[in-house]
Protein chains: 2
Amino acid sequence: MATIYEVAALAGVSPATVSRVVNGQRVSEEKAALVRAAAAELNFTPNRTARTLRRQNSEVIALVLPDIENPYFTSMARGVEDVARAAGYSVVLCNTDEDPAKEAKYLDIAISENMAGVVLAPASDHTDLQHLVARGRPIVAVDRSTRFDIDGVMMNNRQGGLSAAQTLVDAGYRRIACITGPRDIETAAERSNGWREIVTRAGMFDRPDDYLRYSTFRVDGGRTAMQELLAMENPPDAVVAANNLMGVGALQVLTETGLTPPAFGVAVVGDLPFTTLPPASVSIVRLPARHMGVTAARMLLERIDGDTQPARTVVLRNEIIPATSVPAPTV
Amino acid sequence: MATIYEVAALAGVSPATVSRVVNGQRVSEEKAALVRAAAAELNFTPNRTARTLRRQNSEVIALVLPDIENPYFTSMARGVEDVARAAGYSVVLCNTDEDPAKEAKYLDIAISENMAGVVLAPASDHTDLQHLVARGRPIVAVDRSTRFDIDGVMMNNRQGGLSAAQTLVDAGYRRIACITGPRDIETAAERSNGWREIVTRAGMFDRPDDYLRYSTFRVDGGRTAMQELLAMENPPDAVVAANNLMGVGALQVLTETGLTPPAFGVAVVGDLPFTTLPPASVSIVRLPARHMGVTAARMLLERIDGDTQPARTVVLRNEIIPATSVPAPTV
DNA sequence: CTGAAAGCGCTTACAG
DNA sequence: CTGAAAGCGCTTACAG
């Protein structure tokens, strides 16, 4: 693996000059030509590890996500990647599996590899960013907020749960349940808060929380929660699923039970991934996943470029697409 | 950011001793205790960039994939990640988008960051691995083979296409079409070869390839191809989709047309991601995505540990799950 | 077991 | 514009 010294020797210049050519600094055209020829001849690729060590800064951005198998997050990843690439950064994707220990490990790596910055969807609201912040590494939180005073890109989760529940009320369903993710994940709590507000206002239940299930933000979680709801003495006739994968799980169980929409109402906070359902059979709160990634990456790049304005939180809009208004069955 | 020198000074030992403690080498217990205390006090994290530069080897593995939004690949990624993590390596995911230029960029980065090795699903059969091979970096190809003499983990693609087509023949369909990915992607070509073999053997068409469509390995690709097939003068009554996403696209179009299985037969080479279809309504050739990742990671780790045996190719089995045998409609 | 010293491959003030 | 030299933070033969 050719080094800058070998290129310098072959070109008859100093290593400093080679470095300058590689980095596009002022060098006389004749020497530059010599260097380029030598570099090509030796198949020279600059060693990024050495560059990073010297510059104290690498050209990679870490994107730390809780579930890389969730299309919501991969879609966000595409947004981050497109913006970062255009600015000359590469993106490494780290999967925390919602596990604070794995997350801590990856954040440590981001520090010790001198990465340029981090876009993070925190695994819990206890995520510790002190090290990163203390070292002045730019961080942008996406999807979920943190206890630290850093930039963030969020959506209005309460509003999402609210719209989802309201659209089912409007369609005439009378017993609207909710399945959501772990309590300590902000998006899970807020979305179910929105749902609770609607069913309470409608006076739908004596004890609304009897119709609320906490589970994991995964297909299995949605399945389990849905099965529990259907097994209730007085089961619901509709459900708000607080994320895309839970929505899939709920729909699987409903399909297996022969209860497809609109016989049973379903509204999902999030887009159903790879759906083959008839169009508009389920109400969807569309989440701007890719756009969140784009926005987060832009904010991060601004910080990397030295922007020191106070921390900002951007809240993106989400949009409800109601199921085609087939009225709910009147029992 | 504390360095090894500061820790050494605080502990009253040499930097070499600190290094030895950090790396678990023989150090007297008293000095080790001193070092640990000092490290904790200063919140010391070893600088991986420096370590990598010195050792000429990092503890990260690159996983280079053509489409990070395809659950087939993210599932593979989980397999790689789990094995790699257990061995102390972290995995960085790189998305090439089936673009050879992006792929080349990431492979360059893998070299210049001194990564320990690469697991690669090549974007095309022209992928150039010369640099990597010349530098002796271990590489394992997954899903698709290369022109280079390296380890690989594949599946029997022709067999997959063959089983998918055969199961539709067995169910009684008479005009079985095929939609597949780009010609220059090995898996696309081989799976359609399997299909062609079956329909030819069955004497199903005068010119089988009239019922073959090449498109992208994405949902859109499946949609377009399916629409074209349905618009034919003499349309098919069943289709083999050569990958999971094309299968989704085809099913979307069929659903929108009111032609759901088994009215129209569908067999997919690959698992339908996040499906909400009634169980067993579509025939599926299950692909061992996660297992491929696990196998590839293990092979890579062996090479990283210095194994020099000749290159191996492992071919994993795939398994057909036929749709419940509702007979096809007899026209 | 421990330390002094060299070196991994770059970049970048500093002089000229 | 160009080069000599120092230094980024580690690790690791080499001596002792």
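Predicted model: local features only at pLDDT ≥ 70, side-chain atom pairs only at ≥ 80, totals over all residues.
1. Helix H11 (residues 244-257) of chain A lies across E6, E8 and E9 of chain A, and runs at about 160° to E9(A).

2. In chain A, six strands make an open sheet with mixed pairing, and their order is E7-E6-E8-E9-E10-E12. Strand E7 (212-214) and strand E12 (319-321) of chain A have a single partner strand each, so they stand at the edges with one side left without a neighbour in the sheet. From one strand to the next, the twist averages 15°.

3. Strand E6 (residues 176-180) of chain A and E7(A) run parallel and are joined by three bridges. Within this pair, Cys178(A) stands opposite Leu212(A) in E7(A).

4. Next, a helix pair in chain A. For helix H8 (residues 157-170) of chain A and helix H9 (residues 186-201) of chain A, the axes come within 6 Å and cross at roughly 40°. That angle makes H8(A) oblique to H9(A). The crossing of H8(A) and H9(A) is right-handed. Which residues meet in this contact? From H8(A) come Asn157(A), Arg158(A), Gly161(A), Leu162(A), Ala165(A), Gln166(A) and Val169(A); from H9(A) come Thr187(A), Glu190(A), Arg191(A), Asn193(A), Gly194(A), Trp195(A), Glu197(A) and Ile198(A). Sorted by class, the contact of H8(A) with H9(A) has five nonpolar, six polar and four charged residues.

5. Two backbone details in chain A deserve a check. In general, most residues other than glycine have a negative phi, and most peptide bonds are trans. The peptide bond from Pro261(A) to Pro262(A), however, is cis, with omega near 5°. Pro262(A) sits in the loop between H11 and E9 of chain A. Phe274(A), which is not a glycine, has a positive phi of about 50°. You will find Phe274(A) in the loop between E9 and strand E10 (283-286) of chain A.

6. Over to chain B and its sheet. The strand order here is E7-E6-E8-E9-E10-E12 (chain B), in an open sheet of six strands with mixed pairing. Strand E7 (212-214) and strand E12 (319-321) of chain B are the edge strands, and each pairs on one side only. Direction ignored, neighbouring strands of this sheet are turned by 15° against each other on average. Strand E6 (residues 176-180) of chain B pairs with E7(B) in the parallel sense over three bridges, and Cys178(B) stands opposite Leu212(B) in E7(B).

7. Helices cover this sheet too. Helix H10 (residues 219-230) of chain B lies across E6, E7 and strand E8 (238-241) of chain B, at about 150° to E6(B). Helix H11 (residues 244-257) of chain B also packs on the sheet: it touches E6, E8 and strand E9 (265-269) of chain B, and its direction makes about 160° with that of E9(B). In the loop between H11 and E9 of chain B lies Pro262(B). A cis peptide bond joins Pro261(B) and Pro262(B), with omega about 5°.

8. The axes of helix H1 (residues 4-11) of chain B and helix H3 (residues 29-42) of chain B come within 8 Å and cross at roughly 125°. That makes H1(B) oblique to H3(B), and their crossing is right-handed. Glu6(B), Val7(B), Leu10(B) and Ala11(B) in H1(B) meet Leu34(B), Val35(B), Ala38(B), Ala39(B), Glu41(B) and Leu42(B) in H3(B). By class, this contact of H1(B) with H3(B) has eight nonpolar, no polar and two charged residues.

9. Finally, how are the chains related? Chain A superposes on chain B by a rotation of 180° with 0.1 Å of shift along its axis, at an RMSD of 0.1 Å. That is the relation of a two-fold axis. As for the interface, 100% of the interface residues of chain A are also interface residues in chain B, so the copies meet through the same surface.

Note on methods. Residues numbered from 1 in each chain as written. Chains lettered and ligands numbered in written order. Heavy atoms only, no water. Least-squares fit on C-alpha atoms with pLDDT ≥ 70 in both. Contact = heavy atoms within 4.5 Å. Axes fitted to C-alpha atoms, helices over the stretch in contact; angles between N-to-C directions. Helix = DSSP H or I, 4+ residues; strand = E, 2+ residues; numbered from the N terminus. Parallel < 35°, antiparallel > 145°, perpendicular 65-115°, else oblique. Left-handed = near helix turned anticlockwise from the far one by under 90°. Nonpolar A, V, L, I, M, F, W, Y, C, P; charged D, E, K, R; others polar. Pairing = 2+ DSSP bridges.
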